[in-house]
Amino acid sequence: MLLSAHGMGLDAPPGWEVRISRRAAAGEEGDSRTHPVLHAATVALPVVRGDFGGGVTGLLSATDLFVSLFEQGPGAVGTALFSDRGRPRPVAADFSPNRLQRTIPGQSGGQWFFTEGGRAFSLYVVLGSHARRVELVNRLTGVLSTLDLTPGDAS
Amino acid sequence: MTALVVGLTVAVALLGVLVAGLLRSHAEILRALHELGAGREDTTPGSAGGPVDLPFEVGRGVLSAAGGGAGVTGTAAPDVVGTTPSGDTVQVSVTAGGGATLVAFLSSGCLTCHGFWERFAASTPELPPATRLVVVTQGPERESASAVQQLAGSDLLVVMSTATWEAYEVPGSPYFVLVDAATGRVAGEGSATGWDQVQRLVGEAAGDLALARTSHAPHDHSRGHSHDRDAGDGPHREARADRELLAAGIAPGHPSLLLTADEVVDLDRRDGSPQPGGHAGAGAPGRD
């Protein structure tokens, strides 16, 4: 079923857990600015979790995935970090255990920064097993293909 | 005078017909309300002083391929899709995590539900391992999101979704549905007035499911266990019986297996000794 909010949409298959919310960026608690965040995983998403999978990645088994799509503020649009236009197409070679925000043995991660429709995003993905990254990336590709991002300041 | 009496009689008769019609209409309204489930909650008169001891109606049991049981028990369980009281859009997978999901259908208005809200807000509810709780209220078009948020606290997963109520055919609140993640099907459902009832029966349902999986699992003799002792019902007991019969020289097709109990006793008497496969003491010398 297609879930859509804050200019983000995802049609994840059954068995995936998805949440689209607005959250204060890390270190900005008390700040009135919030950022749309999309979390998707093949495990139950805890009510309390970090933007980049804190509280979730420890639950991943070798066959699980975690996806975080975080929209940066308008100030990030046009910066060098977000200069890539259009959403990324992750492949198995993009993932590495040393790209994890929080290192967990056996897991693998990847992060991309991009701009689409005048909005700056970071995509962070954790695979439950680096050894099974080809299989897991195939599943990831299927889900990311359903990602719908509304251009402009839709949030 | 006669005209007055006739007139009064006609008036009384008309009033009688009117009263009979009203009574019949009233009875039909009561019957319709009963069929709609009015009075399920403790909103019935005289119940405001405390919880009502309603019977627990969880449809327990092991899943069957053909379904069975009341309501949606045995059917495929849909994911919970809706919004949180704080406005997040969510899809909660009832099969994620590989354990079980207890879906609690509550509302902000029902008195019985308040006991559950208070319990959930006070502390994390105790459930069997790998079982999580998801509270589902009706959608924001029927429930006040702020009222639900106030009741829920911060650590409770609450989804507002009228579609989920309809998908699970929820007759009223409070109502509980236990989903087995391994099969993706509803393992049990029902209403309750207290968390202790729910907790106990969820525990039993989880035990039933675990037992069903164990008994249907392939019987593995390579794990170091032996059949030297009776392990109760099931494959161990059957294996023990087969082993003892074979040790006594009784294989499939043995003539003694075709005898009735009386014929076995007669055979024992003639031989004067216990026969393999017969009652151990029935044919023993001096005991008949």
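Of the 155 residues in chain A, 49% count as buried. This is a predicted model, so treat everything I say about it accordingly.

I'll stay with chain A for a moment. Its secondary structure amounts to 8 strands and 1 helix. Read from the N terminus, the order is β-β-β-β-β-β-β-α-β. If you take contacts in chain A between residues at least 6 apart in sequence, 60% of them join residues at least 24 apart. The accessible surface of this chain is about 6800 Å², and carbon and sulfur atoms hold 54% of that.

Which residues touch the most other members of the largest nonpolar core? They are A:L10, A:L38, A:V67, A:L69, A:L123 and A:V125, in a core of 29 residues. Several elements of chain A put at least two residues each into this core, among them β1 (2-5), β2 (8-11), β4 (35-41), β5 (65-71) and α1 (133-144). The element that gives the most is α1(A), with 5 residues. There is also a second, separate core, of 26 residues, and its members include B:L102, B:L106, B:A187 and B:L209.

Leaving out residues up to four places away in sequence, A:L69 touches A:M8, A:P36, A:V37, A:L38, A:F114, A:F121, A:S122, A:L123, A:L147 and A:L149.

A:F70 is in strand β5 of chain A. Is A:F70 buried or exposed? It counts as buried, because its relative accessibility is 3% and the cut-off for buried is under 20%. The C-alpha atom of A:F70 lies 6.5 Å from that of A:L123, although the two residues are 53 apart along the chain.

Next, chain B. Here we have 7 helices and 7 strands. The order from the N terminus is α-β-β-β-α-β-α-β-α-β-β-α-α-α. Chain B has 288 residues, and 36% of them are buried. For contacts in chain B with a separation of 6 or more, 62% are between residues 24 or more positions apart. Its accessible surface comes to about 16500 Å², with 58% belonging to carbon and sulfur atoms.

The largest pocket holds about 470 Å³ of space. How many residues line it? There are 22, and the ones nearest the centre of the largest pocket are A:V47, B:T124, B:D155, B:L156 and B:L157. In chain B, α2 (111-122) and β4 (131-137) each supply at least two residues of that lining. By class, the lining of the largest pocket has 15 nonpolar residues, 5 polar and 2 charged.

The second largest pocket has about 360 Å³ of space. Its lining has 18 residues, and A:R19, A:V47, B:S86, B:D88 and B:S154 lie nearest its centre. Two elements give two or more residues to this lining: β3 (17-23) of chain A and α3 (145-152) of chain B. The largest share, 4 residues, comes from β3(A). The classes here are 7 nonpolar, 6 polar and 5 charged.

Technical notes. Residues are numbered from 1 along each chain as its sequence is written. Chains are lettered from A and ligands numbered from 1 in the order in which they are written. This is a predicted model: local features need pLDDT of at least 70, side-chain atom pairs count only at pLDDT 80 or more; totals for chains, interfaces and linings use all residues. Side-chain values use heavy atoms; hydrogens and water are left out. On a 1 Å grid over the protein atoms alone, a cavity is a set of points where a 1.4 Å probe fits but cannot get out, and a pocket is an open set with protein on both sides within 12 Å along at least five of seven lines; lining residues have an atom within 4 Å of a point. Grid points are joined across faces, edges and corners, and a volume is the space filled by probe spheres set on the points. Ala, Val, Leu, Ile, Met, Phe, Trp, Tyr, Cys and Pro count as nonpolar, Asp, Glu, Lys and Arg as charged, and the others, Gly among them, as polar. Buried means under 20% relative accessible area, exposed over 50%, partly exposed in between (1.4 Å probe, protein chains only). Contact means heavy atoms within 4.5 Å. Accessible areas come from the Shrake-Rupley method with a 1.4 Å probe; for residues, only the protein chains shown count as cover. A nonpolar core is a set of buried Ala, Val, Leu, Ile, Met, Phe, Trp, Tyr and Cys residues joined through side-chain atoms within 4.5 Å.
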